[in-house]
Amino acid sequence: MTWWRRLVGGSSGRDPRHTDFLAEALDLESRGDYANALTSYRLALRERPDDLGVLQNIAIAFSKTGQPEEAIRTYRRALQLDAESPGAHYGLAFLLLKRGDTAHAAMHLESFLQFSTEQDPTSARFRAHAERTLAQLQGPPDNSEGQYQDPSAPSGDHDGSAYTDEG
């Protein structure tokens with residue numbers, strides 16, 4: 001009977017003012033709808049303006065929708081709230097690499113390695129990728145253009161989207 005009440009203007013029993021925008025955004029993202037997920041993440045951020053997880057997810061959505069400069073700004077905002085956020089350092093490092101800023105990328109990879117935990121099995125492959133990338137940046141360049149290329153990156157890592165320190 002709930003559907004009938006909604007159809008004729010009644011309530012479903014749920015308070016429409018309490019939409020869980022974060023859950024909605026995560027659902028949209030899981031279906032690959034990053035543009036709409038971004039809208040929901042922004043609404044979630046209004047409710048929780050200092051939520052690092054929401055900020056990191058927004059940065060990932062910006063990356064996935066081809067807005068790397070917005071993603072970089074969002075990761076930097078997350079780092080203003082928590083300078084030790086491994087996920088923000090990791091994501092920012094790979095976005096900076098894409099635009100050729102190897103010096104700052106290396107700095108953020110070093111920070112990621114410093115602040116991520118070696119005991120966390122989830123971060124082990126990301127730590128290994130960060131270590132390989134940092135070694136490549138500190139060694140002789142592999143290509144004449146000086147751009148970083150890592151075909152051994154874990155899936156999704158080239159835009160910094162795979163690692164978050166949220167679990």
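Trainee: Among contacts between residues at least 6 apart in sequence, what share joins residues at least 24 apart in the protein chain?

Mentor: A contact means heavy atoms within 4.5 Å. In this predicted model, residues are numbered from 1 along each chain as its sequence is written, and side-chain values use heavy atoms, with hydrogens and water left out. Local features need pLDDT of at least 70 and side-chain atom pairs count only at pLDDT 80 or more, while totals for chains, interfaces and linings use all residues. Of the contacts in the protein chain between residues at least 6 apart in sequence, 49% join residues at least 24 apart.

Trainee: How many helices and strands does the protein chain have?

Mentor: Helices (H or I, at least four residues) and strands (E, at least two) are DSSP runs, numbered from the N terminus. The protein chain has eight helices and zero strands, so the order from the N terminus reads α-α-α-α-α-α-α-α.

Trainee: What percentage of the residues count as buried?

Mentor: Buried means under 20% relative accessible area, exposed over 50%, and partly exposed in between (1.4 Å probe, protein chains only). Of the 167 residues in the protein chain, 41% count as buried.

Trainee: Is Tyr41 buried or exposed?

Mentor: Tyr41 lies in helix α3 (residues 34-47) and is buried, with a relative accessible area of 0%. Leaving aside residues up to four places away in sequence, Tyr41 touches Leu22, Ala25, Leu26, Glu29, Val54, Asn57, Ile58 and Ala61.

Trainee: At what angle do α2 and α3 pack?

Mentor: Axes are lines fitted to C-alpha atoms, for helices over the stretch in contact, and angles run from 0 to 180 degrees between N-to-C directions. Helix α2 (residues 21-30) and α3 pack at about 160°, with their axes 8 Å apart. That makes α2 roughly antiparallel (an angle over 145 degrees) to α3.

Trainee: Which residues of α2 and α3 meet?

Mentor: Phe21, Leu22, Glu24, Ala25, Leu26, Leu28 and Glu29 in α2 meet residues of α3 including Tyr34, Ala37, Tyr41 and Glu47. By class, this contact of α2 with α3 has ten nonpolar, two polar and three charged residues. Here Ala, Val, Leu, Ile, Met, Phe, Trp, Tyr, Cys and Pro count as nonpolar, Asp, Glu, Lys and Arg as charged, and the others, Gly among them, as polar.

Trainee: How do the axes of α6 and α7 cross?

Mentor: The axes of helix α6 (residues 86-98) and helix α7 (residues 102-115) come within 8 Å and cross at roughly 160°. The two helices, α6 and α7, are therefore roughly antiparallel to each other. Their contact has eleven nonpolar, five polar and no charged residues.

Methods
Parallel < 35°, antiparallel > 145°, perpendicular 65-115°, else oblique.
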